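This briefing looks at how the side chains of one protein chain pack and pair. Please keep the sequence and the structure in view while reading.

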Amino acid sequence: MDEVGTRTTDWMKEARFGLFIHWGLYSVPARQVNKGSLAEWVKSRERLSDDDYAAYFSHFDPDLYDPALWAREARNAGMRYFVVTTKHHDGFCLWDSRLTDYKATNTPAKRDLLRPMVEAFRSEGLRVGFYHSLLDWHHPDFPVDGFHPQRDDDEFKRSTAGRDMAKYRDYLRGQVRELLTDYGKVDYIFFDFSYPPSRRPEIWGGKGRQDWGSEELLAMVHDLQPGIVVNDRLDLPGDVTTPEQYQPAGPMRLEGGQSAWEACQTLNGSWGYDRDNREWKSPELLVKLQVDGVSKDGNLLLNVGPTARGELGREALSTLRRIGEWMHWHRESVYGCGPAPFTPPPDCRYTMKRDRLFLHVFSWPFGHVHLPGLAGRLDFARFLHDGSEVQREETDPSRPASTIQMGGRPAGTLTLHLPVRQPDVPVPVIELFLRP
Ligand code: GLC
């Protein structure tokens, strides 16, 4: 909580919706090893050596890269911030780091790919987030462990046994200092990930806060970017909890009380571009994930995995545009909204801000929807996509149901009259104007 009483995460609760970008050398092999694995983990899954992987470095040539287009599409999809992989576990850097040669400027890309992206998104009014891997399978001082691509290579392990984690810590801190010094205001840093023996005993050589020097790193981060949001993967409590590829059952509670949270979700199961993966989630499912999240006080960070030529891809673009169409009409039921103190009807969710309650209908009922506890509480009700009135009815609970007359609803129930056909939007929303 800063001196004016605003939490660092307040802007996140206003924004509610961000774009995650996984882009790097793994966009060239563009494959999962086996179903359910992640394309960006190809070096580890296939136990590729640096020499094997070097082919992807010399063939990383994003000639169709247009960050202004990416930023525009994100804005039009209704996203209010973005988080990009500055460096993923393979150690490849999208920016022109002074601390390594393993960077975009030394590939056919021949330039810092991060700077134009930050400028493009910032000029579209989106906040800036950096994903930064704590792991580094390329760095000569990063000790081999149970996730490392050479974990089964005894000769490699023997020849690298003396690796000095302290040197790697210096490198990690040095690169984070570059990112938080050379690119203007950074609103969010998403470190990834810690696997200390206490939590991942099955992974030998697991690494946690001591290995990363997390306390010192965090102090430096706050010193360089006061007010920045830091996630929860440094093996230290974070400002935001980051569940991944699952939807929490309710608001996330941590020992310090309720936590801001942000679920990161893929479009098709993989973060990195995965050419043959057809498991695309429908725009409707993604809108429901977002609404469900807001109804539980959480955010959605939705991922794209651009291709090696620097494009978002047809499927990703059409999905973002369908979500954008829904957000065009319904953004007020998302931005700055949170949980409501009312129980929604089955297959519905409530989001709320000030005197507005938004009923999101996930499965279209026949003719009516009954809202427990809202009788006498509303001034007006309307569909948000077209502003048309939704008629309300408060029936006397003592009146029994009869052949042609509905009855038997609990006292305090408000009934809304609905058209037989669901309006042509993925998730219809009814805006309810609460009386003061
Ligand atoms: C996991 C994956 C990593 C991905 C991250 C996104 O940690 O291992 O590849 O970048 O999740 O949240």
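Predicted model: local features only at pLDDT ≥ 70, side-chain atom pairs only at ≥ 80, totals over all residues.

With which residue does Lys185 form a salt bridge, and how far apart are the closest N and O atoms? The partner is Asp187, and the closest N and O atoms are 3.0 Å apart.

**Salt bridges**

- A search of the whole structure finds 34 salt bridges, one of which joins the side chains of Asp145 and Lys207 at 2.6 Å, N to O.
- Because Asp145 lies in the loop between β3 and α6 while Lys207 lies in the loop between β4 (188-192) and α8 (209-212), this pair ties together parts that are 62 residues apart in sequence; both residues are buried.
- Within helix α11 (residues 314-330), Glu325 and Arg322 lie 3 residues apart, about one turn of the helix, and they form a salt bridge whose closest N and O atoms are 3.8 Å apart.
- Asp355, Arg356, Arg382 and Glu431 are linked in a network of salt bridges.

**A buried charge without a salt bridge**

- Asp141, in the loop between β3 (127-133) and α6 (154-159), is buried yet has no salt bridge, the nearest side chain of opposite charge being that of Lys167, 4.7 Å away.
- Leaving aside neighbours within four places in sequence, Asp141 is in contact with Arg163, Asp164, Met165, Lys167 and Tyr168.

**Nonpolar cores**

- The largest nonpolar core has 106 residues, and those with the most contacts inside it are Ile21 and Phe121.
- Beyond its neighbours within four places in sequence, Ile21 is in contact with residues including Trp70, Phe82, Met117, Phe121 and Pro306.
- A second, separate core of 21 residues includes Cys348, Trp364, Leu374 and Val390.

**Helix α3**

- The buried residues of α3 (residues 50-58) are Tyr53, Tyr56 and Phe57; seen down the helix axis they fall within an arc of 105°, so they line one face of the helix.
- What covers these buried residues of α3 includes α2 (42-45).

**Cysteines**

- The structure holds 0 disulfides, and the sulfur of Cys348 is 16 Å from the closest cysteine sulfur, that of Cys337, which is too far for a bond.
- Cys348 counts as buried at 3% relative accessibility, and Cys264 counts as buried at 1%.

Conventions. Residues numbered from 1 in each chain as written. Heavy atoms only, no water. Core = buried A, V, L, I, M, F, W, Y, C linked by side-chain atoms within 4.5 Å. Buried < 20%, exposed > 50% of the residue type's maximum accessible area, 1.4 Å probe, protein only. Contact = heavy atoms within 4.5 Å. Disulfide = S-S within 2.5 Å. Helix = DSSP H or I, 4+ residues; strand = E, 2+ residues; numbered from the N terminus. Lys, Arg positive; Asp, Glu negative; His and termini not counted. Salt bridge = Lys/Arg side-chain N within 4 Å of Asp/Glu carboxyl O. Arc of directions from axis to C-beta.
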